[in-house]
Amino acid sequence: MRIIDFHTHCFPPHLAPKALSKLSENIHIKPEYDGTAEGLIKKMDACGIDKSVVLNIATNYRQESKVNAFAMSLFGEEYGGRLIPFGSVHPDNPNIRETIKTLIDGGIKGIKIHPDYTGNMVDSDELKPIFAACCEFGLPIAIHAGWDPVSSTLIHATPDKIAKVIREYPGLRLVAAHMGGTLQWEDVLRHLAGKDVWFDISIVYEYGLAPTLICAIIDAHPKDKIVFGSDGPWSCPAKAADYIRSLGLGRDMEERIFYKNAEALLGLTTV
Ligand SMILES: [Zn+2]
């Protein structure tokens, strides 16, 4: 069965060692590859992953154009079309709509924002121009959701706040990472399950999401809105895939989670 990993990270070669050691210190997880695109491809080969969405994040506005230039470099033929880079738009950007339009014209299929790194509550006014532009262009937006060690006492994207955003922007193609919110899965069931929002399943196994709870969320949610993800280098995609297979969801649902839903969301094909 094909597998698309909807949640991975990599960095330019000259930044990867430093970025990885800093992040690794913050989150207390040992990386599964060296943080480069080459390292990611090797990991994908070892784990039977066909394609990976690479989520790039500008944590300040000054970095944004460099981050997006790196994202575009992942279209390079040395990667064989196996990496699907997402761009990043920082809320301080005074020309959000134009930046998003330029990214789309360059072939970018989505953007990622991380409200814990940029310090914005997900339902705050600062992020509204980003949601409005993504809505206008039908561009998927992946958002870190739930707890994150970088802001351990203040969660910027909680399930109830994400529910507010999708109410305010009908049709927004929002992917709430980590099954709707790391360590907030009871609230995901209450506020987000069954709604017009996508979940990726990245890093839920490592943070102890119980099979009964993930199955309750999957049962309550639209079948076409859950995608596979690992959060590499912070998790091994083969282990994440084994966790999904262990749930006994049946072939149809596994196909949807492993690739069909991601293909549809990214416009790679139709389900
Ligand atoms: Zn991540």
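Modeller: The axes of helix α4 (residues 96–105) and helix α6 (residues 128–137) come within 9 Å and cross at roughly 40 degrees, where axes are lines fitted to C-alpha atoms, for helices over the stretch in contact, and angles run from 0 to 180 degrees between N-to-C directions. Helices here are DSSP runs of H or I with at least four residues, numbered from the N terminus. This is a predicted model, in which local features need pLDDT of at least 70 and side-chain atom pairs count only at pLDDT 80 or more, while totals for chains, interfaces and linings use all residues. Residues are numbered from 1 along each chain as its sequence is written.

α4 and α6 are therefore oblique to each other, since angles under 35 degrees count as roughly parallel, over 145 as roughly antiparallel, 65 to 115 as roughly perpendicular and the rest as oblique. Their crossing is right-handed, that is, the near helix is turned clockwise from the far one by less than a right angle. On the α4 side the contact is made by Ile-96, Arg-97, Ile-100 and Ile-104, and on the α6 side by Pro-129, Ile-130, Ala-133, Cys-134 and Phe-137, two residues being in contact if their C-beta atoms, placed from the backbone, lie within 7 Å. By class, this contact has eight nonpolar, no polar and one charged residues; Ala, Val, Leu, Ile, Met, Phe, Trp, Tyr, Cys and Pro count as nonpolar, Asp, Glu, Lys and Arg as charged, and the others, Gly among them, as polar.

For helix α1 (residues 16–27), the end C-alpha atoms are 16 Å apart, which agrees with the 16 Å that its twelve residues should span at 1.5 Å a residue.

Note on methods: Helices (H or I, at least four residues) and strands (E, at least two) are DSSP runs, numbered from the N terminus. The expected span of a helix is 1.5 Å times one less than its number of residues.
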